[in-house]
Amino acid sequence: MRYFLQLAYDGAGFHGWQSQPNACSVQQTIEEALSTILRQPTKITGAGRTDTGVNARRMYAHFDAYTPISDERRFLTGLNRMVGRGISLQRLIPVDTEAHARFDATERTYRYFTVFEKSPFLSPFSWYSPGLLDINKMNEAAGWLLGRQDFTSFSKLHTDVKTNICDIKRAEWVTYENIYGISGIYFEITADRFLRNMVRAIVGTLVEVGRGKISVDRFKDIISLRDRCEAGTSMPPQALFLWDVKYPYLSE
């Protein structure tokens, strides 16, 4: 039997999603809990790999079990007790044996949250900008990200991917007011796939546009140059959320 797990996590306590030697990861924590409950060694495959400190509002992973899981609520309750406060297992979904959490995903959406007022309550999950940013210029620049193109300028160097081409369907800054009454903006970006460190590098470069340090035309040139050294710095990870992942066979 193959199952999808829908989950969320606070990335602060983990060295990213992927299991690695001598470091606590989200993947490893869930695998250890699953192996205990199922009484069999159990590996999971996630929809993607978030970096250290990056959060997920909605992530999916698949695993295989030798016998059917009959009581979803009891199963998830047991898992949640074992994984700790930083991870929430939300849904258990039976799927076809060929379903794949990574390869079957058609869209992934990230959000990066920025606030303009320093707050001890929001600092764990946002980036504080002491000065206002020109959201109109940032959105004008973000328009050049749309479509299928090479995003080497925003990729971490020396990765093991075969191509740096992604198809971006949405890239926009949105104003909002949070539950504490503090105004801010978030950057939402949706694509078929993302490169390592890509979203934080894009946000860092767009912030330079918003500060007036680079022009919209310069941002357009940075994309076409395909050189990471030309783009801005990578933004802090705590404000970034994997917001959603879409599959053709899963409903909300």
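L7 stands opposite M59 in β3, a strand in this predicted model whose residues 55–64 are mostly covered, with eight of the 10 buried, buried meaning under 20% relative accessible area and exposed over 50%, with partly exposed in between (1.4 Å probe, protein chains only). Residues are numbered from 1 along each chain as its sequence is written, and side-chain values use heavy atoms, without hydrogens and water. Local features need pLDDT of at least 70 and side-chain atom pairs count only at pLDDT 80 or more, while totals for chains, interfaces and linings use all residues.

**Pairing of β3**
- Strand β1 (residues 2–9) runs antiparallel to β3 and is joined to it by seven bridges; strands are DSSP runs (E, at least two residues), numbered from the N terminus, and they pair if DSSP finds at least two bridges between them.
- Strand β2 (residues 45–46) pairs with β3 in the antiparallel sense over two bridges, and T45 stands opposite H62 in β3.
- Strand β10 (residues 240–246) runs parallel to β3, with two bridges joining them, and A56 stands opposite L242 in β10.

**Cysteines**
- The structure holds zero disulfides, a disulfide being a pair of cysteine sulfur atoms within 2.5 Å.
- C166 is in no disulfide, and its nearest cysteine sulfur, that of C229, is 19 Å away.
- C166 is buried, with a relative accessible area of 0%, whereas C229 counts as exposed at 67% relative accessibility.

**An exposed loop residue**
- F121 is found in the loop between β5 (107–115) and β6 (127–128), and it counts as exposed because its relative accessibility is 55%.

Methods. Helices (H or I, at least four residues) and strands (E, at least two) are DSSP runs, numbered from the N terminus.
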